[in-house]
Amino acid sequence: MNKVIRIGTRASKLALWQAEHIAELIKPSGYRTELVPMETKGDKILDVSIAKIGSKGVFTEEIEAMLLDGSIDIAVHSAKDLSSTLPEELELIAFTEREPVNDVVLSRRGGVDLTHDRLRIGTSATRRVAFVKHFYPQLTTVSIRGNLQTRIAKLESGECDALLLAYAGVHRMGFDNLIVEKIPTSYFVPAVGQGSIAIECHKKLAFEKKEVIRRWVNHEETENCVRAERAFLKTLQGGCSIPAFGYAHYEENLITLKAGIISLDGQRVVKIKKSSSLNDIKALGESVGHDVLQSGGREILQEIRHKMALQ
Ligand SMILES: NCc1[nH]cc(CCC(=O)O)c1CC(=O)O
């Protein structure tokens with residue numbers, strides 16, 4: 001039997017860390033692993049914001065092509081970077097236990113007061129830019145792209161005074177010492193999938209390999225939460241470039257999903273919170289999605305698509 005699992009990944013340091021983490025998790029199963037790193041469009045085009053590159057799968061297209069032609073067995077992605085609709089032949093089979101899902105502020109000069117300081121804050125995700133405009137209107141947002149190391153170098157060189165990033169990536173790359181504030185998820189709701197690593201494969205991947213991956217990599221609670229969030233995002237037909245947000249967690253025997261969308265200027269926010277039993281995860285996501293669309297989300301989304309098309 002072929003006891004090797006070939007793992008496709010982006011070649012950035014964060015992606016490689018994540019792929020190696022998955023390889024470590026698989027190790028006790030007796031399977032060997034091989035990493036197959038590659039560059040994606042999102043890694044190559046650095047002078048344009050993700051929203052402007054436009055295509056949904058900017059970080060995934062090249063990797064998915066290798067899943068489709070069988071040159072790799074699984075692909076490792078930040079769950080957040082995955083579009084809500086995968087190619088027909090592919091599926092997600094595992095999600096790692098989530099890190100704290102918060103966004104965090106990084107700064108060189110110690111504590112910051114986000115509500116009073118007049119900082120230039122580096123971030124480029126549309127969700128974060130819109131939330132900053134909404135909650136901290138006196139801050140200036142500076143568009144900063146590139147991998148984590150590049151962004152931190154830009155902070156060091158003074159292109160901005162602070163950075164706004166996902167805790168998970170900062171922690172994985174060992175930059176915890178630069179974190180000056182952890183923003184509560186209660187109002188700064190994270191992106192769908194933030195903090196978890198997802199495993200994608202061909203639906204026809206050998207049953208045994210799928211079993212090994214689910215057994216050693218999957219964290220069921222995280223899986224249920226991220227699947228609820230992704231069902232929400234799918235209802236909005238969104239990818240990681242729209243300012244949608246969604247965060248699910250367990251509450252007693254229920255799963256609670258809080259999700260919505262914010263206009264690019266931060267002026268209008270539609271946010272819906274609902275709970276369901278663990279048996280109705282997909283329905284919960286869809287129901288929240290429909291409520292968001294009906295409560296003004298549809299207009300916000302149309303406006304965003306229109307603006308992005310003009311850029
Ligand atoms: N869009 C880039 C991206 N994709 C995943 C992470 C961090 C890790 C994670 O959220 O799981 C990041 C960086 C960031 O948003 O700060």
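This is a predicted model: local features need pLDDT of at least 70, side-chain atom pairs count only at pLDDT 80 or more; totals for chains, interfaces and linings use all residues.
Me: Which label does Glu 252 receive, and what makes its phi worth noting?
Reply: With 7 C-beta neighbours inside 10 Å, Glu 252 counts as exposed. Its phi is near 50°, which is a positive value in a residue other than glycine. Glu 252 is found in the loop between β11 and β12.

Me: Why is Ala 23 given the label that it has?
Reply: Ala 23 has 18 other C-beta atoms within 10 Å, so it is partly exposed. Its place is in helix α1 (residues 13–26). Leaving aside its neighbours within four places in sequence, Ala 23 is in contact with Ile 7, Thr 33 and Leu 35, where contact says that the C-beta atoms of two residues, placed from the backbone, lie within 7 Å.

Me: How do you know whether Val 76 is buried or exposed?
Reply: The count for Val 76 is 26 C-beta neighbours inside 10 Å, and therefore it counts as buried. Val 76 has its place in strand β3 (residues 74–78). Apart from neighbours within four places in sequence, Val 76 is in contact with Ile 7, Thr 9, Gln 18, Ala 19, Ile 22, Ile 197 and Ile 199. Val 76 and Cys 201 are 125 residues apart in sequence, yet their C-alpha atoms are 9.2 Å apart in space.

Me: What makes helix α5 largely enclosed by the rest of the structure?
Reply: Helix α5 (residues 126–135) has 10 residues and seven of them are buried, so it is largely enclosed by the rest of the structure. The buried residues in α5 are Thr 126, Arg 127, Arg 128, Val 129, Ala 130, Phe 131 and Val 132.

Me: How do you know that β11 and β12 pair, and which strand pairs with β12 through nine bridges?
Reply: Two strands pair if DSSP finds at least two bridges between them. β11 and strand β12 (residues 254–262) have eight bridges in the antiparallel sense, and the bridge partner of Ala 244 in β12 is Ile 261. These two strands form a hairpin with two residues between them. β12 also pairs with strand β13 (residues 269–277) in the antiparallel sense over nine bridges, with Ile 255 opposite Ser 276 in β13. The hairpin of β12 and β13 has six residues between the strands, and Gly 266 takes a positive phi near 75° there.

Me: What is the largest nonpolar core, and which residues have the most contacts inside it?
Reply: A nonpolar core is a set of buried Ala, Val, Leu, Ile, Met, Phe, Trp, Tyr and Cys residues joined through C-beta atoms within 7 Å. The largest one has 79 residues, and those with the most contacts inside it are Ile 74, Ile 199 and Ala 228. The largest share of this core, seven residues, comes from helix α10 (residues 281–310). Ile 74, leaving aside its neighbours within four places in sequence, is in contact with Ile 5, Ile 7, Ile 199, Glu 200, Cys 201 and Ile 213.

Me: Which domains does the assignment give, and how far apart are the centres of domain 1 and domain 3?
Reply: Domain bounds come from an automatic or database domain assignment, which here gives domain 1 (1–96 + 196–218), domain 2 (103–183) and domain 3 (219–311). The centres of domain 1 and domain 3, taken over C-alpha atoms, are separated by 24 Å.

Definitions and conventions:
Residues are numbered from 1 along each chain as its sequence is written. A residue is buried if 20 or more other C-beta atoms lie within 10 Å of its own, exposed if 12 or fewer, and partly exposed in between; C-beta atoms are placed from the backbone. Helices (H or I, at least four residues) and strands (E, at least two) are DSSP runs, numbered from the N terminus.
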